[in-house]
Amino acid sequence: MTSFLTGAACVVLAATALGLLRILYGPADADRMMAAQLLGTGGVAVLLLLAAATESPATVDVALMLALLAAFASVAFVSSGARSQGKIPPAMDPR
Amino acid sequence: MTAALNIFTVLAVSAGTFFFLAGTVGLLRFPNTLTRLHALTKADNVGLGLVVFGLLPLVEWPFGALKLIAVWLLVQLSGSIIAQLIAIIVRREES
Amino acid sequence: MNAVTLFGLCGPILVGLGLFGLITNPQPLRKILAFNLLGSGTFLLFGVIARRGAAAGLDGDPVPQALVITGIVVAFAATAMAIALLLRLFQETGQATLDPGDANDTSAATDAL
Amino acid sequence: MAAFIFNVVLVALLLAVATWVITSRAAFSAVVAFVAYGLLLAIVWVELSAIDIALTEAAIGGGVTGMLLLGAASRLRETEATAVSTSVPLRLTAAVLCALITAGLAAIVLFPPNTVFTLAPDAMAHLLESGLGNPVAGVLFVYRAFDTLLEKAVLVLALVGVWSLAPDRFWGGIPGLQVYQQPNSVLTLLSQILPPVGIVVGIYMFWTGANNPGGAFQGGTVLAAMWLLVMISGLQRVPSTNRRALRLLVIVGPAIFLAIGLVGFALAGGFLAYPAGYAKPLIIVAEAALTLSIGVTLGLLAAGPPERMRQR
């Protein structure tokens, strides 16, 4: 069972990592961000599989942390993207 | 009983792994950003869901199992909302 | 070759890569990224030393592990500070460069104020 | 065997992503690769049996640093084209010298000294006196408490440094955090549902840190991320940095930790020494205050220097 779970973790990692090719090719920034998002979810799955394979419950906490914070970079991407639509940062505003 | 549960784990985790693979293939092969987003969300929801489902018999009952389900729900929540936000950005840039 | 040695070799490569990026890349933001890469390579070396020092019923020596946690915190503080500095430079001069020729050009700075 | 293949794949990926961070032409692409790198590094730490570090890296590398860098990359986008690249001879020289450093460090890894040097037994001896169950927390709060106190001081100093980068007229003003411009969007929903969960997880991280991997810093980072989410979505205003309550929150953790350290002079015969039998409650009190302070400090560090005086 342990080798099966580790093997599955290996496949999930390799699969989501192939998706990282989107970071190279883009073409849109959204595509790049999506690849990171997929790796975030894949990373959660990998950590859960590793936790089960090595029977270490603390590893589940790392997955919990990733699940909570992996979306955070995407939120920052969305909010900074909203600003790049030709808006001047306040400190450069001549007023 | 144990053998049956093991077979269940193997089947569910394998199916989950397959969805991660499918998500990656979609992310790499689909023609435009919105369809690629579609592929990403399938991997997020179903892939991780099946992996979590398959691992349930292996973890401590009930709190270990509840934690796994909480991780999945967190990824569901943030994944679906991030997908919406990215889609909004993509559509605004296209128009 | 076991897994720990594998990670142990990964650390030096990251240090080398980070240092190379830090020296050759002209953009300050990329230098910050490279510096973080360099730092994480060093942390990885500490992690390998910790793993090899497993004793007293532990999977790793907790002292280097605690040092790495402190290191990550300080590296984050330094990164936040560096980015704030960089964005301020951009606000003052309208460009983000460490080229001394541009730094002497104070007319842009006075325009911004 | 399966575990070793997994590690080979992991290391190959980590190096590939790291190479992309350095060689990519566009800064945005490099920053996204760096976020992916942080996620992979967290898995590496799990494989090195350093769960405490994995938690820290997952919270910082994957989350808050990514946010800082993405914000900076999008603001600096138009400056990229003007950057001059370094000359080929300089690049070659740098590559050779960096390769030498890599080789030297790799030699240290490949040919370790014959006697294994470890402080684990010493750390464990002190751990028993403290009543904690997590050896890393024991090292941070008993064996090396002074370093931990200084680390918190560094965070506060970095915050003062970031604030002082504001133009004089904006001192004490409102940080220029990038706020999502559309109110009542689906992001509002996320920032209504996620923070309550995040606060529970943050407190859990701090509480479980006494006996299991976790602790004040990991818990504080989660709190910081949740606070930032609420501010980015516009549900909560970005506070003015001259608010007294805010500044008190920043220093309450280090101050309580310092006070406990000073009490050690009177009751236990040394700075940061804990009176026998009271070590664990004192550490829990210090950690609780530190979790709060770290959360507020990290949130403010990520929010950046003040950029305006008044709410619009």
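A polar contact here is a pair of N or O atoms within 3.5 Å; within protein, one has to be able to donate a hydrogen and the other to accept it, and residues adjacent in sequence count only if both atoms are side-chain atoms. With that rule, 14 residue pairs are in polar contact across the interface of chain C and chain D (both at pLDDT 80 or more). This is a predicted model, in which local features need pLDDT of at least 70 and side-chain atom pairs count only at pLDDT 80 or more, while totals for chains, interfaces and linings use all residues. Residues are numbered from 1 along each chain as its sequence is written, chains are lettered from A and ligands numbered from 1 in the order in which they are written, and side-chain values use heavy atoms, with hydrogens and water left out.

**View 1. Chain C against chain D.** Of the five pairs of chains in contact (heavy atoms within 4.5 Å), chains C and D share the most contacts. Chain C brings 71 residues to the contact and chain D brings 87. About 7,000 Å² is buried between these two chains, 81% of it on carbon and sulfur atoms; buried area is the accessible area (1.4 Å probe) that two parts lose on being put together, summed over both.

View 2. Three helices, α1 (3-24), α2 (28-52) and α3 (62-93) of chain C, each supply at least two residues of the side that touches chain D. Helices (H or I, at least four residues) and strands (E, at least two) are DSSP runs, numbered from the N terminus. Which element gives the most to this side of chain C? It's α3(C), with 24 residues. Sorted by class, the side of chain C that touches chain D has 46 nonpolar, 19 polar and six charged residues. For that sorting, Ala, Val, Leu, Ile, Met, Phe, Trp, Tyr, Cys and Pro count as nonpolar, Asp, Glu, Lys and Arg as charged, and the others, Gly among them, as polar.

**View 3. Chain A against chain D.** Here 43 residues of chain A are in contact with 57 residues of chain D. The two chains bury about 4,400 Å² between them, with 81% of it on carbon and sulfur atoms. Look for A:M65, A:L68 and A:F72: this trio supplies 16% of the area that chain A buries against chain D, more than any other three residues. Across the interface of chain A and chain D there are zero salt bridges by the rule, and two residue pairs in polar contact (both at pLDDT 80 or more). On the chain A side, α4(A) gives the most, with 19 residues. The residues of chain A that touch chain D split into 30 nonpolar, eight polar and five charged.

**View 4. Two domains within chain D.** Chain D is divided into domain 1 (1-117) and domain 2 (120-312), with bounds that come from an automatic or database domain assignment. Their C-alpha centres lie 26 Å apart. Twelve residues of domain 1 of chain D touch 17 residues of domain 2 of chain D, and about 1,200 Å² is buried between the two domains, carbon and sulfur atoms giving 68% of it. In domain 1, D:D52, D:M67 and D:R75 lose the most area to domain 2, together 44% of what that side buries. The rule finds one salt bridge across this domain interface, plus six residue pairs in polar contact (both at pLDDT 80 or more).

**View 5. Salt bridges up close.** Side chains of opposite charge can pair when their charged atoms come close. In chain D, the side chains of D:E307 and D:R75 meet in a salt bridge (3.1 Å, N to O). Another salt bridge links B:R36 and A:D31, with the closest N and O atoms 2.8 Å apart. This second pair crosses between chains, from helix α2 (residues 33-55) of chain B to helix α3 of chain A. Over all chains, the whole structure has seven salt bridges.

**View 6. Confidence in chain D.** Chain D averages a pLDDT of 86, and 97% of the residues score at least 70; pLDDT is the predictor's confidence in each residue, from 0 to 100. Confidence in chain D is lowest in helix α5 (residues 120-130), at a mean of 78, and highest in helix α2 (residues 27-47), at 92.

Definitions and conventions:
A salt bridge is a side-chain nitrogen of Lys or Arg within 4 Å of a carboxyl oxygen of Asp or Glu.
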